[in-house]
Amino acid sequence: MAAQGMLSRKITCNSHGEDSSYFLGWKEYERNPYDETNNPTGIIQMGLAENQLSFDLLETWLSKNPKAATFMNNGSSLFKHMALFQDYHGLPSFKKALAEFMGEIRGNRVKIDAERLVLTAGATSANETLMFCLAEPGEAFLVPTPYYPGFDRDLKWRTGAEIIPIHCHSSNGFQLTEASLREAYDDAVNRKMKVKGVLVTNPSNPLGTTMSSSSLKVLLTFVGAKGIHLICDEIYSGTVFSSPSFISVTEEALLAECNVSKDCIHIVYSLSKDLGLPGFRVGVIYTCNDHVLAAATKMSSFGLVSSQTQYLLSKMLSDKKFTANYIAENRTRLRLRQKQFVSGLKRCGIGCLKSNAGLFCWVDLSSLLESPTFEGEMQLWMKMLHHVGINISPGSSFHCSEPGWFRVCFANMSEKVLSISLQRIKIFVKQSRDKQGKAPAMGPTKPAVSRKSLFTRWISRADSAESERF
Ligand SMILES: Cc1ncc(COP(=O)(O)O)c(C=O)c1O
């Protein structure tokens, strides 16, 4: 085996973030996955933001358009052309169809210029590419908490850039404020870091909420005043299922009102969530900054979208009847599913942050914590995983500053499996409340111990945990 000294620092340091409970929950699930017939006591995966609700619509389109998957066009095969095509600018027909699809999701209030798109292998690659373009190692991006755990990997790991959290709180529904932005900025400056920008996810993962026009104005005015960049990860833009409607930072009126240069605004998007195609690895950067556009296009060589995928999706997305129906139907299904889940939780006495988007809810389980700390949160997560049999993601893995919040996904399973998970939660809540002797709910308070040390302690305990279920 090669000596550690012969390996790069990148692979020997542990800044990838894979030891987060977010990813460890997936591993636990894979060891014992629920299956109605073969493993009915297994773990139900509710920690994966996957959209399986509209898969039948994609499959129906494919069965009606078999030539798209077999490269047949007007009786001749495009196979050779597709197999040889490898221009990093991407297939023009695909970029045009994708730009129009993005415009359609934004209610056609925005015209996305296909010439300003950079194709990437998913939003993961798009976010990292932007970091390489905008920040030197050690320079910082401000990111509101709670945030998607993958950002620790995507923004920091290979680029050496840093994330400074903008702490948001339950008292105002975790909304971004000018004071929280300023506090994070000053924190970075005190730590002698140069702030290069702010990155927000709108609609938010994990909150399932869209940013209001006033929050967007606060944000845009802030980045404009500081002369820094803004990255908006709009990967969930097509999942907005009820009001208020989604406002993209690409909307001209908003930018004009806040006096911010378009050169500093960059959008990240992907087909992983709205179309439910994470396996196809289709992501995109949309930027009006010529330097970023040119550099990101060159960098996209490291994570291109295969021409086979581009061709198939160019056909699918240029079918306007299909896209209009898909967008509307997918929203309806998400709305119904979220309602079913939220009312099921309500019947158990569990509340969530009010949401209007996403594939998940931000659930308040603080009343079930044995202690109102991050240690209590880890203990509850472990019970959920090993005793209740559901994998949900603790707020601490999203860098939430208040213990007791969990992200619970509802769109990666059938309605029947969702009912089973709600049944499991109901029994668990009843048992916990009986044990607590109906003690009053505890409000979240500040952490007593650091999350990292708690997690290390948890891993050793989890290995020996019994997997019995009620
Ligand atoms: C906010 C956010 N950005 C990026 C990603 C990564 O998406 P992709 O599969 O397109 O790489 C995810 C996936 O969950 C996400 O939630």
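The side chains of Glu-402 and Ser-170 meet in a polar contact of 2.6 Å. A polar contact is a pair of N or O atoms within 3.5 Å; within protein, one must be able to donate a hydrogen and the other to accept it, and residues adjacent in sequence count only if both atoms are side-chain atoms. Glu-402 sits in the loop between β14 (393-394) and β15 (405-409). Glu-402 counts as buried, at 12% relative accessibility. Buried means under 20% relative accessible area, exposed over 50%, and partly exposed in between (1.4 Å probe, protein chains only).

This is a predicted model: local features need pLDDT of at least 70, side-chain atom pairs count only at pLDDT 80 or more, and totals for chains, interfaces and linings use all residues. Residues are numbered from 1 along each chain as its sequence is written, and side-chain values use heavy atoms, with hydrogens and water left out.

**Two domains**

The chain is divided into domain 1 (14-55 + 331-436 + 450-464) and domain 2 (70-322). These bounds come from an automatic or database domain assignment. The contact takes 30 residues from domain 1 and 37 residues from domain 2, where contact means heavy atoms within 4.5 Å. Their C-alpha centres lie 27 Å apart.

On the side of domain 1 that touches domain 2, α14 (320-347) is among the elements that supply at least two residues each. α14 gives the most to that side, with four residues. Helices (H or I, at least four residues) and strands (E, at least two) are DSSP runs, numbered from the N terminus.

**Salt bridges**

Side chains of opposite charge can pair when their charged atoms come close. A salt bridge is a side-chain nitrogen of Lys or Arg within 4 Å of a carboxyl oxygen of Asp or Glu. By this rule the count comes to 19 salt bridges. Here are some of them.

| Pair | Closest N and O atoms |
|---|---|
| Lys-416 and Glu-36 | 2.2 Å |
| Asp-187 and Arg-191 | 3.4 Å |
| Glu-329 and Arg-333 | 2.8 Å |

Lys-416 lies in helix α16 (residues 415-436) and Glu-36 in the loop between α2 and β1 (44-45), so the pair ties together parts that are 380 residues apart in sequence. Lys-416 is partly exposed, with a relative accessible area of 48%.

Glu-329 and Arg-333 both lie in helix α14, four residues apart, about one turn of the helix. Salt bridges that share partners join Asp-56, Glu-329 and Arg-333 into one network.
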